[in-house]
Amino acid sequence: MSNPLRRYDFSERLADILGESRRDLRVRVTLLVAAGIFPPGRRGPGAPLATPDDAAALLLAVLAAPAQVHTAEAVHSYGALVPTTLAPGAAATGIYLGPPPHATAADRPHGHLPLLIGRPPLREALARLLEDVAAGDAADRDALARDLFGLWVARGVPVAALQFAAWREGQRSLWTQRFELPKGAQPPAWLDPSRGGTADPGLLLSAFLPVQKLIAIGSLITPQPERTRLMHGMIPPQSRLAGLADLVRSRRNRRPWERFLGKAEEAFARVQEIEHRPSRLTEVPAFGSNPGNLKMYRYVPPGLPTGAPLVVVLHGCTQTAASYDDGTGWTTLADRHGFAVLLPQQRRRNNPLRCFNWFKAEDTARDSGEVLSIRQMVDRMVADHGLDASQVYVTGVSAGGAMASSLLATYPDVFAGGAIIAGVPYRAALGLQEGFDVIFQGRTLPPVEWGDRVRQASGHSGPWPRVTVWHGAEDGTVSPANAEEIIKQWADVHGLAHHHSAEDRVRGHRRRQWHGPDGTVVLESYTVNGMAHGVPIDPAGADGVGNPAPFILDVGLCSTRHIAASWGLTARQHEVPPVLALPATTEGHGDTDTTSPARAREDREDDAAFHADFGHDEGAAQDFDLGVDIEGILTKSFEAAGLLQGGRGKPGVVAGIDIPGLVTASLQAAGVMRGGGPGITKGQARGPAGIDIPGILAASFQAAGLLRPDRGTAQDGSAAGWAPEPAAEPAPEPAPEPDSEPASKAAPESTAEAPSEPSGAAAEEVSEGWQLFQSGAAAAAGSRATPDGAVLSGEVSSGGDGAVGSRVRSVSCRLTLGPQPSLAYARRLELQASANMFTTARFRVLVDAEPVDEVSAVGMDYAEADWTERRGIDLTPFAGSTVTLTFEVAANANVCQTVSAKAWIRNVVIGDAHEASTSAA
């Protein structure tokens, strides 16, 4: 049991635990009071109690500051360190070649994940840890002692780490969660040359604090009753969900809330299963100011014409965009009937159960918070894909249904219609406790008061969106009374009587309709007999969509199909072309840091609470589809074939372009179509519908100058004929620096005679930090290219401009792999990371965010004097799927000294394994 102490008594006990001078600790407390970090207070009985935050600050002051004069700044600088990558063991100086060993989920620690929810800075993470100790019992402390190894802090560089234990079959392995300066932050004064300090002055001693001392320190402080500890405990989250019942202060709401949390555990497991599958959704990392801090996913069916409708789909609590789509089948319906789908996703850092925050005023007011983020996503979709802005609809379930209410109220000028499933009226609650009362008990107001809340939300005077309300008659989580209040709200907005105009049965379930003055249905309600909380679906039959799951209920009535029909979306059929769809153009750039497929999936899910993926800078773009503009590459190929005029239109905008002609020409270039008819060459690997997708992409890449066939290329142009070109005898010179004088773009190469190169042509920027040097022009520009091939050049640096932290630049392309694919390429690297033992520079090749080849320099420099050929890299784990191939350079400086990574890539070859002659590298 905790024995709380006053602040000055605590400092003396802390000195004893750390083996420091009591006088030194008293002086540091005084300095922290003088700096405003601690509130003033007297010594003795009247002194303030030592809180978890006080303890964390004083602990950092002792461990990080090399002298007393640096006490306050040490707390500010080290307290603000943010978590970065989670990696096995401790960082060690050296050069690492080849992909890192794959660690399974069972190998990773679990206990630390709730402790680091929301990527807290180091001081907050320590305060959480100490508070858990103070508020916990003996069993909690035993669990902590088992799962946490200790804390270490480096004084010579602004780096700290928590080390956790992962147990498997009785064996323990250590995992290190590092904390480093946030992007753009200054190092402490004693390490900052601009303020008279010296970067890495040789103070490389690290202070280490074992877990038993952390437990002893935590037992001396008083837990803060206002702070909820249920999300920072060391027990795995799925076993702690029941603790969220403490959020409910009303006894009458506790029982239904606990039932919901029990179901949430099942939903969490289902989400985990679905998130490990390949997803057809694409993340769009940059779409506006995003004040609600949401994630944007979209699905656009191949061959979608301009002027198509858009459906915004909002998941419920515990769900993700991918899991909700898997359950409800909206993207399947989009393929059949030709409309785009936008799927916003909540982040756990915003809500621990990933519910949209429909009960917060700042997230449900026009041009604010989450509703504005979704509005910005809609604008991005309409602009990027030429969609019809007058045919935008929204639907959602539970918290997503409540957020759909908010969107219909705040942006009635944007949404033509909406479907609210198991939701609540707009502005039914302001605050969490009101929200619990509303969902479990309902809230009754006069129709005009409900209607006024909608009318006041936007100042819009009409016309108003058409609204459909769905609710289960046996919903024990969101009271069915809410459906009636939604009806009252929107009937009043439309100027209708509360009583319905018509009623019938749909597969035995009650449907009511309200007609407008012109006789059209403007309000509709479905009450599903016997259904609990969730979305009604019907996956049976040829028209069936969706898959049953927690909160996705097979009741023989498909809300997805009926909702789409009510909006007129099912009136037309859409045939997906039987070829690989052109991928979207590059949708953003940003720093990423991923190490495995699981980590990539966790990033797409943004499950910071349950997976602790801290490899991404806050606000940075986090899309693994960054890099090469594949549509642009294909467009160059089409231009070379005479089907497009160079420079006309934006790559990826298909309006007005003869898509069948373009596809036919691409297939003919790849040797899989003869004289306009389909024909598969004997021996080729067959893709979807028998098409040789690798051959198509290889021919398109050749036309773009990224690949060249060798003398043994098959006459049919299949991928089997592609092989690396031999390295040039003389070592080429480095490519021009990115800030050198810009040059015009070189003309693309193709299988036909290449167009003459523009005067002064040198490089084409294909992604931030990456340039493509065409053959001939590249050699003339003095780059690392040789006259007989194009070269891709990438670089990134950190620390030299005074801004420290991880910086990553990547270039990517999408392609479809055959049954046994392989990869070969040639590279030259210059990795400079000798600033200190914690700085890193890295080059990686990733397939769907999993490293398949890597060179990392930690605390050292590494350079390749000549071209290094990498052949036969086995890609069979990704066989038969459409993947993202990424080349990535990364630099991470923790002091104001330059750390850089440069790479030159050529002769990229993607071949089929049953035609390859070497084994996996």
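Which residues in helix 10 are buried? They are A321, A322, S323, Y324, D325, D326, G327 and T328, where buried means under 20% relative accessible area, exposed means over 50%, and partly exposed lies in between (1.4 Å probe, protein chains only). The legends below describe a predicted model, in which local features need a pLDDT of at least 70, side-chain atom pairs count only at pLDDT 80 or more, and totals for chains, interfaces and linings use all residues. Residues are numbered from 1 along each chain as its sequence is written, and side-chain values use heavy atoms, with hydrogens and water left out.

**View 1. The chain and the confidence of its prediction.**
The chain has 23 helices and 31 strands, which are DSSP runs numbered from the N terminus (helices: H or I, at least four residues; strands: E, at least two). Of its 921 residues, 57% count as buried. Among the contacts in the chain with a separation of 6 or more, 73% are between residues 24 or more positions apart, a contact meaning heavy atoms within 4.5 Å. The predictor's confidence in each residue, from 0 to 100, is called pLDDT; the chain averages a pLDDT of 75, and 67% of the residues score at least 70. Over residues 645-660 the pLDDT stays under 50, and the model has 16 contacts beyond four places in sequence for them. Residues 913-921 also have a pLDDT that stays under 50, with 21 contacts beyond four places in sequence. Where pLDDT is low, the predicted coordinates should not be read in detail.

**View 2. Helix 10 and the residue that follows it.**
Helix 10 covers residues 321-328, and because eight of its eight residues are buried, this helix is largely enclosed by the rest of the structure. After helix 10 comes G329, whose phi is positive, near 75°.

**View 3. The largest nonpolar core.**
A nonpolar core is a set of buried Ala, Val, Leu, Ile, Met, Phe, Trp, Tyr and Cys residues joined through side-chain atoms within 4.5 Å. The largest one here holds 57 residues, of which F10, L59 and L151 touch the most other members. Two or more residues of this core come from each of helix 1 (7-18), helix 2 (22-34), helix 3 (52-64), helix 4 (71-79), helix 6 (122-135), strand 3 (148-154), strand 4 (159-168) and helix 8 (211-218). Helix 3 gives the most to this core, with ten residues. When neighbours within four places in sequence are left aside, L59 is in contact with L14, L18, L151, L209, L214 and I217.

The buried residues of helix 2 are D24, L25, R28, V29 and L32. These residues cover an arc of only 140° around the axis, which puts them on the same side of helix 2; the arc is that of the directions from the helix axis to the C-beta atoms. An α-helix has 3.6 residues a turn, so residues three or four places apart point the same way. The covering of the buried residues of helix 2 includes helix 1, helix 3 and helix 4, whereas the face turned away from the buried side carries the exposed residues R23 and A34. At the N-terminal end, S21 caps helix 2, with a side-chain oxygen 3.2 Å from the backbone nitrogen of R23. Beyond helix 2 comes G36, whose phi is positive, near 85°.

**View 4. S77 in helix 4.**
S77 lies in helix 4 and is buried, with a relative accessible area of 11%. Not counting residues up to four places away in sequence, S77 touches L181, P187 and P188.

**View 5. A165 in strand 4.**
A165 is found in strand 4, where it is buried with a relative accessible area of 5%. Although A165 and G150 are 15 residues apart in sequence, they are 9.5 Å apart in space, C-alpha to C-alpha.

**View 6. L553 in strand 18.**
L553 has its place in strand 18, which covers residues 552-554. L553 and A532 are 21 residues apart in sequence and 8.2 Å apart in space, C-alpha to C-alpha. Residues up to four places away in sequence not being counted, L553 touches M531, A532, H533, G534, V535, P536 and I537.

**View 7. V899 in strand 31.**
V899 lies in strand 31, which covers residues 899-912, and is buried with a relative accessible area of 0%. V899 and A835 are 64 residues apart in sequence and 7.0 Å apart in space, C-alpha to C-alpha.

Notes
A polar contact is a pair of N or O atoms within 3.5 Å; within protein, one must be able to donate a hydrogen and the other to accept it, and residues adjacent in sequence count only if both atoms are side-chain atoms.
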